[in-house]
Structures are given as C-alpha cells and as structure tokens.
Amino acid sequence: MKKTLLILVLGLLFYASPILAQQRVLAGSVLLNTNKTPLPGVSINVVGTNRGTQTGPDGRFTIPVAPNEKLRFVYIGFENYEMTIGTQTTVTVLLKEDVQSLGEVIVTAMGIPRDKKELGYSAQEINSTEILKNKDPNIINSLNGKIAGVNVTNSGGAPGSSASIVIRGGTSLEGNNQPLFVIDGMPMDNSTGQGDNSAFDGSVNMATTNSNRAMDINPEDIESMSVLKGPAAAALYGLRAATGAIIITTKKGKEGTTSVSVTSRFMTNWVNKVPEQQSTYKQGSSYNGVFTDQSPRSWGNKFEPGETVYDNMGDFFQTAHAYDNSFNISGGSKNGNFYLSASNLDQSGIVPTTDFNRSTVRFNAEQKKGIFTFGVNSSYSKSKTQKTLTGSGLWGSNGTGYMESIIAWPRNDDMSNWLNADGTKRRLLPDLSLDADADNPNWLINKNPQTDETDRLIGTVYTNIKFADWFDVTYRLGIDNYVTDFNSLTSPGSSVKEAWQKGMLSQTTRDYSYLNSNLMLNFHKTFKEDWDLSLLLGTTAEDTYMKSNSARAEQFTIPTFVSLNNANNANRYFNQTNTKRRLLGVYGDFRLAYKELLFLSVTGRNDWSSTLPFQNQSFFYPSFSGSFIFTELLPQSSLLSFGKLRASYAQVGKDAPSYQTQTYLFGPELTIGGGFRNAWTRGNDILKPETTTSMEFGTDLRFLNNRIGIDATYYVNRSKDQILQPRVSNATGYILSYVNIGEIENKGVEFTINASPMKNSKLRWDVNLNLSHNDGVVKELPGALPILYVTDVQVGNAKAASFNKGDFMGLSGSKWQTDVDGNLLLDWTTGYPLTSTLATTPVGNREPKLIGGLNNSFSYKNWNLSFLFDFRKGGDIYNGTEYLLTAYGLSKNTEDRGKTISFTGMALNPTTKLYESITKEVVADEKYYRDIYSNNAPFFIEEVNWLRLRSLSLAYSLPDRVINRAKFLKGVTVTAQGTNLMLLTNYSGMDPETSAAGAGVIGSGSVGIDYAGVPATAGFAIGLNVKF
Amino acid sequence: MKKILYILVLSVVFSSCKKWLDVNENPDSANSTVPTAEQRLPPILAQFADGYESAGTRVAFLSQQLAVTYAINNNWNFTRWYANASNSGWPWQAWYVNTAVNIDPMITAAEGVGAYHYIGVGKIMKAWGFGTLSDLFGMLPYDEFNNVTILTPKFEDGSYVQGKVLELLDEAIVDLKKTQEAGAPALSVGDMLNGGSTDKWIRLAYGLKARYLNHLTKKASYDPQAVLDALANAPQMDAQSSIYQYIDEGATVTSTSKQALQYTNFSTTARVTKLYYDYLTNNYTGAPTGATNVQDPRLDTLIPRSQNSAGVLVRSALVDMQSVLPKTGPIDYSYSKNTASNKDSIYVQMRKNPLLPTAGQRILSTGSWYTQKGGKGLLLTNAEMRFIEAEVKFRQNQPAAALTAYKAGIRSHMTIMGIASAKIEAYLSSSSVVQIPGNLTLSQIMIQKYIALSYSPEVFSDIRRMNYCADASGNYNESTGIYKGFNRPSHVYIEAYPNATDWPRRFAIPSYEINYNIEQVLKANPNASNSTYINEPIWWDKP
C-alpha cells in the first residue's frame, strides 16, 4: 500500500503534464460501507477542475475523467473520500460515516482516547486547525469563546500577560481555581508570575503583568486540546481535578513521507479602547479650601481659549508589532515517527519598551520494537518579558503604575516631555518632596522596568509493553523544570518612599522542579461480541519542589550603576523560600460497554498527600458515570439520527498547600535585640482534605443525518471543608488562621449546537454555538465571617470578595449610608450623604449571567473564512480606572463640577437628637467628588454586556494543480487574521474583558476589576505557511 | 510463608512511603515551639512598645497635645475625638497579634530551663498589655484569647481583666525574686528594657499596680492606701524607671525598626496645639504665677522651632483646637516653597528637618525631645509615680506631702529629659511652680502630669478620671474643671458626641473584631457598633 502511494505521488510529481490525456466517462455508484445501501446526493468532483456531479437517487453517477486525475467524494455526515483514476471505467465507492461528526474520539484522563459517545460526562476537544485560526501567543486565549462552560479572561493587552481560565466556576474560596494542565500525560505547571513577594520587594499581582506559564508552549506544536470540564471527567487525576483539566497532546510524525512546514506571521496590534478624559479643567486643587497649583490633580482653572490641551493618553500608546516564525519537520515509518520543531516569537507592546520574546524547540519521537514502544515528548523554551508597573505600582512603595500616572497627568502639561535638556528628570512639581510628586509614565516605562526570563524544560519518556491483545502496561516518567528570573528596578530619583529614592533593585530566582512517575496497567476484553470490558489500574507519584531566592539592594552607592552589589551591606536583603510537596496516588478505572447502547464507568482513587497531617494524609474518592444511547432502541430515523443520555457522580479530594499544619515564626527581627515572634498565620494540625462532589446530567442529540447536533448539560458541584486562611479576630492572637470550614456550590447549564448547514464538494459551512451559565454561591463561611476578601484585589473603595450565603465572585464596597427604609442619611450641616469607611457591603457580582460563542467556518474551494463572535450578558465590573479619573479630576463625569446637587434624606438634628427629613443643596466641588461621590462604590459598578468579533480569519491555499507543478512543494497557505476588530459593549471604561491582577490571584480572582492596567488590543496578522 | 513475605514487603513499602511523604516541615522557618526564652523576649518588648506608644500617639491627638495638618486621616479623626474601627486597630493588633501571643511560648520555654526571671517578666508584660488595652477599650477578650479551637473569642469587661492583671503582677513579683536554675539564661541576655535588673522589673510591677489601683478614683472601692503601698515599692528614683531606649541607625540604613516610635508616628503632619503650649507656659486659669516667673526649661525641647527668612529660630505657631483651624488648616508644610513668609511653614513639624543640616541649610524644624530617632520611650517613670503620689496625698488632704511629690514629679521628668539641674532648681523655686502647700490645686498637679506624660496612653485615663474640664453635670466649666481650657474641638465628631456633656470615654472596637467577631462584640455591648459607643464610660469611669 505504501509503495503504491509512493509510486502514485512520484507519478504525480514527474508526469504531471499540462496536456491531459484524453477524457473518458467514468460510471459508478456510491454505497454505505456497512450495509451497502446506495447514497443519493453525494457530491463528486475532479480535484483541481470545475468538473463535478452528484449521485442520483440510486446512488449512481457518471463523470468525464482523464487518467491520473483525482476524484473527491463529499457527503454530509460521512468522511470525505478521494481516489485517483487509473484505467478503469466503472467504480464502486463505499463511504464511511464521519467519526469527526459522530464518533468523535476524545483524549480523556490519563491520555486515554475514547469515543465521545461513550462518555458519561461533558468533554470537548479542540484541534490544531481551530487553535491556529486565532493563534495567540498564550494558548489559553485560543480557547476563548469556543467551549461551553469555559470562562477565559485575558488580563490585558501587555505582551506576555496572563489569561485566566475557569471551568464551571471556582471550587475553592482561597485556592487556585484554574484547571489542571496536562501535557503528553504529565501535569504541567501553569502558575502565574511572582506576585506574592510583597513584603520583600512590593511585588503583588496587580503591580505588573505576569505571564501564566502555559505560555511556554508553542501553539504550533499542539495537535489537540481536550477540555475535561468536571470532576467526573478528571477524577483520575485526583487532587486538582475538581477544577477540571486541559489535556494537551502534541504533534506526532505521521507514517509516510517526511514533511517540512515553515510558517511566518507578522502581526500588528493597537489599543482598542482607552478611557475618555475631560478637557475643560487644568491642574490644581482647592481640596483644602485654598487653591494651590502644587498638586498633580486636575481640579484647577479652566483652560483659556487657545491653550493647548494635550492628548497625553492618546499619544502615549504605540502600535505594536510581532514577528512569529516557526518551523517543523516530521515523518514516520511503520515502527517509528518523529516530530521536530522550533519557533520564535518577537512581540512588542502597545506600551513603549514592553515586549515578549519566546523561543521554543520540541522533539517528539516514538519507536516500536516487538511488543515494546518507546517514546519521548520534550520541549525547551526560553521566554523573556519586559513589563511595566501597573495598578498602583509596587506595594508600599508610595509610587504609581504607568497607567495611574497617565490618568493623573494634567492635560495642560506635555507628558511626553519627561527629561530636562541635561538628561535629568523633568518633574511635574519640583517644589514638592520627591515622594509627594508623581512620576511621569515615560519615566516609569524607561527607568523602572520589570523584567523576567524563563528557561523551561518539559519532557516525558514512556514505554509501553503490549503483552497481549487484552493487556498492556505503560510507564511514564515526566519532568517539568523551569527557572524564572524576575527583576524589578526602581531607578534613583523615582517618586517613591524615602528608602527607595536612591534606587532599589530586586532580583528573584524561582526554580520549579516537578517529577512525575506514572504506571498504568490496561486490560481490555470483549465477551460474546456485545460486552466490552476495560480495566485500568495505575499508580502515580509526584514530587514538587520550588525554591525561590530573592535579593534586594536599596540606595545605590553609584546612582547610575544598577547592581545588587552597589549598596551598603545594611541595605542589602536576602530571602529564601523552599516549598516541597509530595503525593502518592493509586487509581483504577473500570469500564463496561454493552453493544453501542450502554456505557458505564467507575473510577476510584486514593491519594496520600504530604501537606496534610499524618492522620489525614490518606483519602479516597470515587466516580460513576454512564451513557445510554437510546436511539439504538428506536427505529432508524433521519430526523433524530442519534440520541444519548448521560449522567455522572464524582468526588474529588483536594489537599492543603504546604506547611499549613504548624505555626511558624517571624525573625530574626529587625527591632531592638532581634529575636523571634510568631507569624501572623496560625497553623492547624488537624486539617483534612477539601472535597468536591459533582453531579452532572446531559444529553447529546443529532438531527437530520447528523447535520445538527445539540449537546446540553446540567451540573451541580459542591465543594466543602474548604481549607482557608480567613482573617480572624485579632484576639485569637493571629490575623489569619488555617481552618477547614466553608462550602461553595456551583450550578450551571451548558448548551452546544453544532451544525453543518451546507456541505458539498465546493462549499462547506460549519457553525458552532455555545452558551453557558454558572451560578457560584458560597453556602458557608467559617464562624461568623460574613465575607472573605481576595487580598490582591482591593482597589478604590471596592474589593473582590465572597459573601457568606451570597455570591462567590462578589464585589464589596463602601456605600452611602441609608436607614432601614432606604432613605439616604445626610450630614445635618453640610448636607453631604454620610459615607462609610467599611468596604463590606455587597455591591456587585462579577459572575456573568451568560457567556457564549458563535464560531463559523466557510470553506469554498481553496478559501476558508472563519469568524468567532463571543458574547457575555451580565456580570458586574468595578471601574477602578474611572475611580482614579474621578479622584484626579480627569473623569468626563467631573466636567460639570460646580453644579448644584440636591440631596433629600434623613439627618440627625443636633438640637432635637432626632433624625429628620431634610433637603439640602450641595456644590459638586473637588471635595464632593473625592470624599463623597467616590465613596459610593455603586457609582463605579457597571453591569456589562458585550458582543465581540473575537477573531476573523481568511485563508487561501494554493490549488493542488499549482502545487503539483512545483516540485517538492506540498502546500502553500496564506492567512489573514483579525483579532478583536469589533467590540460592542455598554461598558464605559476600557475593554470589559479585564482582570486587574491577572491570573495569579486565588479564590474568586481579579476578573471584573478594572484598575489602571494595560488596555486590551485589537490586531491584524498576515501569515504564510509552506509545506514541503 | 509467602503470606508473611507479602506482609513484610507491604510494610516496608508502607513505611518508606510514609517517610517519603514526611516533608511538611517548613525548611525556611523554625516553628513556634523552637525559640528560647531569651530569643522571645526582645520582640515582645519591641512590639509591646510599638503598640503602647502608638496608643500614646492616638491619645496625644485625642487629648489635644497634638493637632494634625489637615487631612482626612486616622489621626485627624482622633483630633475630632472620633475613635473608629480603623484608627483604633493598631494598638489592638500590636498587642494581640504581635506581642501577647508570644508570651506563653516564652513562659513555656523558660519553664523548661528554670528561667524564672523570664517567667516573671512574661507575666508583667501580659499584665501590662492587657491592662493598657482594658483601659483604652473597656472590654476585650481575655479568657478565650489564643485558643486554637475558638475563632471568635468572647469579650470580658475591663473590671474582670483588671482582677487578672493584678494577680499576674503579684505572681510576677514572686517569680522575679526566685533564683534561676543553673544554666538558665540570665535575664540581661534578652532584656532590652531594664538591662536584666530584676529590681527594676519588680518596681515596674508595683508601679503598674499603683497606676491601675489609682484608676479607681470614681469607685467606692477606691483605696488610696493600697495605691500608696504599691508606690512604696515602685520606682523612687529616675534610674528605677522603665524607659525604652531607641536606636538611631543613621541616615544610610533603610530599616526604621529601631527608631523612636514617636518619630515614626508623628511623621511630618503632627503639630503642637495651643493647649499644650499654654500648659507649658502657665497660661491657663489658676496657673501658678508671680514675680519670679521663669520660663519652663523644657519649652524649646518640646516645642519645635524653625528658621525664618532672617535665619532666626522661631517657635511653631500653635493650633487652637477651638478655632476653625482644625477644619481648614494648617495645610501640609510641603505644599509650598520653603520660604518663611508662607503661612504653612510657621506650623513647624515635630520631626527634626533636615535631620543632618549642612552648613547654610535652613532649619525647617529643630524637632522635639520625644521625636529624636534615637529617643526614649517613657513607659513607666518615677515622674508618673510622684504625680500619683501627689494626687493621692492631695485627696488625703496632705498638701505639704502633695506639694513635695508634685515638685518631685516635675523634677523627675526634667531630669529624664536631660535638663541641667541648675535650670531645674531655678524653675522649681520660681513662682512658675506652686510654692505654698495651701495653694496647690488638683488641676495644677494633673496639668504638670499631663506634660510629664506627654504622648503616653495613660493621659487618656487621667483626663477621663478628672472629667476633662467639666463639672459634675458634664458641662465645660473653666472654674471647677481640672484640665483648664480643654474643650470640644471645633470639628468634633457630632454623631458620637451629640451633647455638650459627651466626652471621649473609650476607643472604638477595631475593625478586625467588627468584621470577624461581631456577634461576640454585640453580646458584650449591643451598642458597640454605633457611633455613640465611644462616649460610654468604661467600668472605672463611673461610680
């Protein structure tokens, strides 16, 4: 067969001639491969020509052909079939039903490929073509809008910035809620950044844009990504499977020829939306009752006619570019295959000086020898990022992020003028002390860069021994090692706290090393034809070790020399953290199939985790799932061609982070006499694992000969015994205390509709619509706790928070006070509404009511046009950027300052000591906006809807007849892609897909908090792919 | 046989797995059972001093010793007598979380080696911290503090806590008199307050007893003799005072951990009030005065000065808390160019500036004695003891003894401040100080104590006990009141003090308890989350 193919190919290459041999008429019939019934309406065409026909009602056809021409048979719901014409005059073609549209194979937990129809739970797969249609440096972003129940949030437009992914809501109040990433059978780290070193160098998640480490993967290397949505799907992975799993399979060489593929892309990106600013008022402040121009705020006089109003914000951002080149060579024989690839991405950011550069190399290979199969999947990557300070800059630094500075910059001053003629810093307010002044964003991006560099090796080696048809063993050993160097520089002369005004340099090296050993025994046997049994038994051991070394120097001796050595000994600091965790697991999966009718699966796993106290180290959890294909019992119908019901129940345990079973120390202390004291967090030596219990019901229906498919799922997930370190009464002796209390419930529905409204030899239209809704609710919090905050995300007068018996993804904030009847409480003398300093009132829910995507793909001849819309309905966003604009007096909203506002409400009469209804007029001045207006968080909360053209892609492949003329060429494809070209939203701020602190935030995360980050971008890319 | 082999193999596998999994001990930090007593004590003292002196800072703003340049901040709220969940929090947290939780582990470690002196010191610190908090807050968790199974500790009334505090002090005195076991660490190793002197610690314990027992002046149970008995064993000389010596590590060291708390806390926004200046300069109703008046020699070390455009050092302008100034100014010093003509620069900051003036540089502030980076924390002094004695003797109608103690109190404070003795004696023998026993008033005693206890949390206890400058009905009364001229600030927080007879009586319950322990808070006092809670007298502040 292989030889024939080779001869054919050679024949095509060498004997293709412009003058075709004489045409003749070929007659034939097309039949169903199973029962040989004729298929009417099958499209037939001669490849590379305009000749085509269809089969008649009897499945017969005739077509004029010439020798060596290729015929293509296309029929909806069936696999395409191609054949080369020899000398024959008649032909019978058997078409097979398309497994892509019906018997889709999905890579499930532990890398086991299974027919989708067998699955008792919801899982979805995305193939490489789909991933590359809107290729993003961060593979997580390529999933956005494509899968029901999957919520992807890109944190902003900075190159290399993180995106968070949450499947079916969060299960942990204070844990990582992102799914487990598994690459080629091994769990892989997808943590984000270093925003956890705040006490050492002020690095918090909001201070800059960090990368999530799945970004180290070259998207071109991915063959498929399976999304296992719930505990039932992922139960075999244990521990982290409560949040679902993303199973990545990388490419393999295919048996046959060796092929080479080269892809080059050029991208350009621009800011898609920046906030508006007022252009009426200049710099100054009258906050203290007396006007002063010694303030960066814009509460000053009106611009005079003819005065320049600088567009500081609009002028700041640049058009970004990226060059993305990749190469791969792959091939294989009967006994072995290989895939070798290399790639480089060089991307600049819309914020000048920022960039992201990634190079990757991958080698995958497999060799069979007798009953043995040996294989390796390995990749090496190097990623470098230059970032800038976002949010309010480094924690406790008294500085600002670049965007806060832009937001603050008065428009009577030319912000681009940031250096004096002699090269020194041009200050906005040179008469103020340095820490009271504001840094120019151009100073921040040029002088205070935040950089990181990661080298990473991910590799697995495996052996499979096939002892018998019914029994094989696989052993896999994997490593995931990376070293990231983080650098944070505050140059001398920056407007920061005194200690850093003469410079601060911090360097952190994070060394992550992970080892995974996995042994699996697979048994599979069919009895009496109808009964199919499989059993999987396995054991796994994981060893994770993370070492983080941080060093910091303050007050440089030589101001211009940037080095840790360039400071006095007393101003050099060092800190090390080591985190170790180990896990042993034993698991089993028993599956039973009866005919094509009934499929059942039972799994069980027992884990032993090092992070739990000894008596609670071992824990077991089972899962049950089944599917029932009821159409097997019904007479065949072209209306309902396939119908399946499925149900599952699963439990998954989750262990604690390391070192929570004991109380540790602060020290040696820097206070007089040194010594040690207890840390703020109390350890707990009776911790037990968290448990997530999940129930899922679904159906999968196909209509009109599989032309339309509908998939619907309903699920309820409950996660209890949450391991938390809530803030507690100080009188416990601690600020935080580890406890084992708390419950979250997620309920939701998911719909997916797949349809192929058109499919013939020339035109094919596929459309996919997905919709999902999730409702995450906190059922219980420890003790009398009304609220749990996400420590990283407390901005303006609002915080990301989870409420007891309320929203998991809530927003808490301060509010104007009201009495029980809802009347505003006013100040008797001033008439201002009374504000509260406690930001504990529920003021919003960040969880969208509905998210979804509409994905379309049109293929016409050699053209493919795809576009993906995604949409969201509901869910609140706290517009912290608008809060800042208001405080600095640059919000559009403050343009009508000076107007009179009338408030009616209740006020305490100091004479009568009673609350009385009053109406008072107040002037909306600077003080009002800054102290009264801003303190009512609801003014900055918006319920957001959007419709977005997430991606638009047009591809053209050179026709075969052109390809065939050029020797050695196998394919040429030109693509043009647009990203975010259209965004319709009611949100008044920047792009509403926002997450102020990125993906590294635990618990309910920072999604829905907009606070002076890097605005999202729109972009355009052109690419060329050549295959040899 | 085969079975046994299996069991053997399994048990080997199991025990090696157990060992493999045994990696949950943090390699980067010892756990809380590890430190020895002498490693525990220095942070206990440093963190206690932080909480205690920071409470003093708050009291200084509340008691009109200090004003704040205009800003809606925590200290400014104290100047309008607005203690709230946020600005009351630090003394609470500094005690419970940073200090108290470390005392039992120190005592346990000390018990293991027979280091009785550490046990005694631990008990004194525990008594002192709870006693201080009890006086500020009136109610607080004591019995259920630091209980691993309780996340929401119940509150006790201050009267209960004071009973425990006095017991602890008695126990401590016994422990400090014991001889330590051989091999036990000497107290001097970890004692950064009293240099290992058990005598000073014992005197401190008695001094605290005197302080707490003397709080009961409004109570029927007030026992002046018990106060005098405690005073007899308390510090008699300045050198017997418990004074925390801070360290100035120099301009190039970034860490601020060893510098004086009041340098840190006053920052650049604290300003001197008119009241404080009037007390220092005897400019109040009934102040001692006469032909031989002498300027208080402490004046220029307590009131900062700055150079005017002619280079002459001029004392800070004063903030009159009854004027509109607290509402509208003085604005931040930094908002203007530093020329002396500007109105804001005459309100001189408490921090010395520049810290190390170079030749020709203008002095923006000479700073004050309390705000030197390497200053002293006057935690419990001979001066305070003498003023307690003066008060008790005055109450016992022994004016001569009262006058002696009153003068000794002034002398002690001046001596601790390093004033030359000739100047002290010149002042003490002048008409600026009462010379005739019969002329001495309680007001004069308390006002001198107010100066001698500048920025101490104990001032809050005194002004409450004396009912500010109010008469029996609670109304301001210049003639019968004690703290003459101490009246409502112009920007008083009216929600908490709607009536003219309402005065600050306690700190608000901190946010950590309001947010995470509200049930217990309300169980102890249903009014605790309301704004008028802070005008409710605590247990000893009412009959």
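In helix H8 of chain A, the buried residues are A:Gly880, A:Thr881, A:Glu882, A:Tyr883, A:Leu884, A:Leu885, A:Thr886, A:Ala887 and A:Tyr888. That's a handy place to start looking around this model, which is predicted.

**Helix H8 of chain A**
- H8(A) spans residues 880–888, and nine of its nine residues are buried, so the rest of the structure largely encloses it.
- Who does the covering? The list includes helix H6 (402–408), strand E40 (787–795), strand E46 (863–879), helix H9 (926–933) and strand E51 (1009–1010), which belong to chain A.

**A three-stranded sheet in chain A**
- Strands E43, E47 and E48 of chain A line up in that order as an open sheet, and their pairing is mixed.
- At the edges sit E43 (825–826) and E48 (914–923) of chain A, each of which pairs on one side only.
- E47(A), covering residues 900–909, runs antiparallel to E48(A), and ten bridges join the two.
- As a bit of background, strands of a sheet pair through backbone hydrogen bonds, either parallel or antiparallel.

- Chain A has a mean pLDDT of 90, with 97% of its residues at 70 or more.
- Residues 1–21 of chain A are another story: their pLDDT is below 50, and the stretch has nine contacts in the model beyond near neighbours in sequence.

**Chain B as a whole**
- Chain B contains 21 helices and eight strands.
- Its radius of gyration is 26 Å, which agrees with the value near 24 Å that a compact globule of 543 residues would have.
- Along the principal axes, the C-alpha atoms of chain B fill a box of roughly 110 × 55 × 50 Å.
- Buried residues make up 54% of the 543 in chain B.
- Take the contacts in chain B between residues at least 6 apart in sequence: 73% of them join residues at least 24 apart.

**Where the chains meet**
- Chain B puts 66 residues into the contact, and chain A puts in 66 residues.
- On the chain B side, the elements giving two or more residues are H1 (2–21), H2 (37–62), H4 (89–96), H20 (511–516) and H21 (518–524), which are helices of chain B.
- H2(B) gives the most to that side, with seven residues.
- The chain B side that touches chain A divides into 35 nonpolar, 24 polar and seven charged residues.

Technical notes: Residues numbered from 1 in each chain as written. Chains lettered and ligands numbered in written order. Predicted model: local features only at pLDDT ≥ 70, side-chain atom pairs only at ≥ 80, totals over all residues. Helix = DSSP H or I, 4+ residues; strand = E, 2+ residues; numbered from the N terminus. Rg over C-alpha atoms; globule rule 2.2 N^0.38 Å. Buried ≥ 20, exposed ≤ 12 C-beta atoms within 10 Å, placed from the backbone. Contact = placed C-beta atoms within 7 Å. pLDDT = per-residue confidence, 0-100. Nonpolar A, V, L, I, M, F, W, Y, C, P; charged D, E, K, R; others polar. Pairing = 2+ DSSP bridges.
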